[in-house]
Amino acid sequence: MYNKVAIYVRVSTDEQRDNGYSIDSQLRMLIEYADKNNYNIVGIYNDAGYSGKNLMRPEMQRLLKDIEDGKIDILLAIKTDRLTRDGYDGYWLLHQCDKYNVRIELTLEPFDISTANGEMMFGLNLAFGQRERKEISARTKRGLEQMAIEHKHPNKPPYGYTRDKVTKHLEIEPIEAEVVKDIFNLICQLMEFLIDK
């Protein structure tokens with residue numbers, strides 16, 4: 001019986017916060033599903049913190065190699081968008097799995113992808129995932145633009161600055177600023193020295 005199962009999990013920080021599909025909850029659901037179906041888990045592939053915008057993720061690449069090497073019969077994930085949020089990549093993955101006789105099973109989208117209707121549903125979910133990825137990107141861009149308008153820095157202040165606790169604006173940190181100036185001057189001197197050589 002073909003039951004060598006690869007479990008694939010992925011979440012980005014925003015998705016975990018917004019959708020609640022943490023790595024732990026995904027793993028719990030998928031392991032329970034595999035146990036219930038008497039599947040033999042041969043690998044867990046965890047791309048925590050990686051976007052689904054393409055397949056260039058470390059564990060996804062390892063998974064693809066193991067699929068090519070015939071180590072896997074079933075690819076198990078909770079949803080289409082855990083595998084990818086890109087339509088082209090999704091269909092490429094589907095055909096790659098078909099080429100190596102690997103069945104894709106999605107616990108929260110329980111349709112048979114090997115059928116015409118199942119493939120159609122898979123394609124629709126890819127389209128929705130791709131749309132959501134673009135929406136997330138647009139929301140992030142709008143948020144960063146608004147922070148720039150308000151003179152707020154979105155991340156940890158760079159060396160030489162502190163963040164005002166009330167306005168959230170960056171302010172020069174005098175001691176660190178002197179260190180930055182010294183570094184800049186040393187680099188200028190080094191460049192002059194190299195040019196003169």
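User: Which residue forms a salt bridge with Arg62, and how far apart are the closest N and O atoms?

Analyst: Side chains of opposite charge can pair when their charged atoms come close. The cut-off here is a side-chain nitrogen of Lys or Arg within 4 Å of a carboxyl oxygen of Asp or Glu. Arg62 pairs in this way with Glu59, and the closest N and O atoms are 2.8 Å apart. Note that this is a predicted model, in which local features need pLDDT of at least 70, side-chain atom pairs count only at pLDDT 80 or more, and totals for chains, interfaces and linings use all residues. Residues are numbered from 1 along each chain as its sequence is written, and side-chain values use heavy atoms, with hydrogens and water left out.

User: Where do Arg62 and Glu59 lie?

Analyst: Both are in helix 3, three residues apart, which is about one turn of the helix. Helices (H or I, at least four residues) and strands (E, at least two) are DSSP runs, numbered from the N terminus. Glu59 is buried at 19% relative accessibility, while Arg62 is partly exposed at 36%. Buried means under 20% relative accessible area, exposed over 50%, and partly exposed in between, with a 1.4 Å probe and protein chains only.

User: How many salt bridges does a search of the whole structure find?

Analyst: The search finds eight. One of them joins Arg103 to Glu105, with the closest N and O atoms 2.5 Å apart. Here Arg103 is partly exposed at 40% relative accessibility, and Glu105 is buried at 10%. Another joins Lys79 and Asp81 at 3.8 Å between the closest N and O atoms, and both of these residues are buried. Salt bridges also link Lys79, Asp81, Arg82 and Arg85 in a network.

User: What is the nearest side chain of opposite charge to Glu109, and how far away is it?

Analyst: For charge, Lys and Arg count as positive and Asp and Glu as negative; His and the chain ends are not counted. The nearest such side chain to Glu109 is Lys79, 4.9 Å away, and Glu109 is buried with no salt bridge. Glu109 sits in the loop between strand 4 (103-106) and helix 6. Its side chain does make a polar contact of 2.6 Å with the side chain of Thr80. A polar contact is a pair of N or O atoms within 3.5 Å; within protein, one must be able to donate a hydrogen and the other to accept it, and residues adjacent in sequence count only if both atoms are side-chain atoms.

User: Which residue's backbone nitrogen does the side chain of Asp73 reach?

Analyst: That of Asn3, at 3.1 Å. Asp73 lies in the loop between helix 3 (58-68) and strand 3 (74-77), and is buried at 11% relative accessible area. Asp73 and Val5 are 68 residues apart in sequence, yet 6.0 Å apart in space, C-alpha to C-alpha.

User: How many aromatic pairs does a search of the whole structure find?

Analyst: A pair of aromatic rings is described by the distance of the centres and the angle of the planes. Rings of Phe, Tyr and Trp (its six-membered ring) pair if their centres lie within 6.5 Å; planes under 30 degrees apart count as stacked, over 60 as edge-to-face and the rest as tilted. The search finds two pairs. One of them, Tyr91 with Phe122, is edge-to-face, at 6.5 Å centre to centre and 85 degrees between the planes. Tyr91 is in helix 5 (residues 87-99) and Phe122 in helix 6 (residues 116-149), 31 residues apart. Phe122 is buried at 1% relative accessibility, whereas Tyr91 is partly exposed at 32%.
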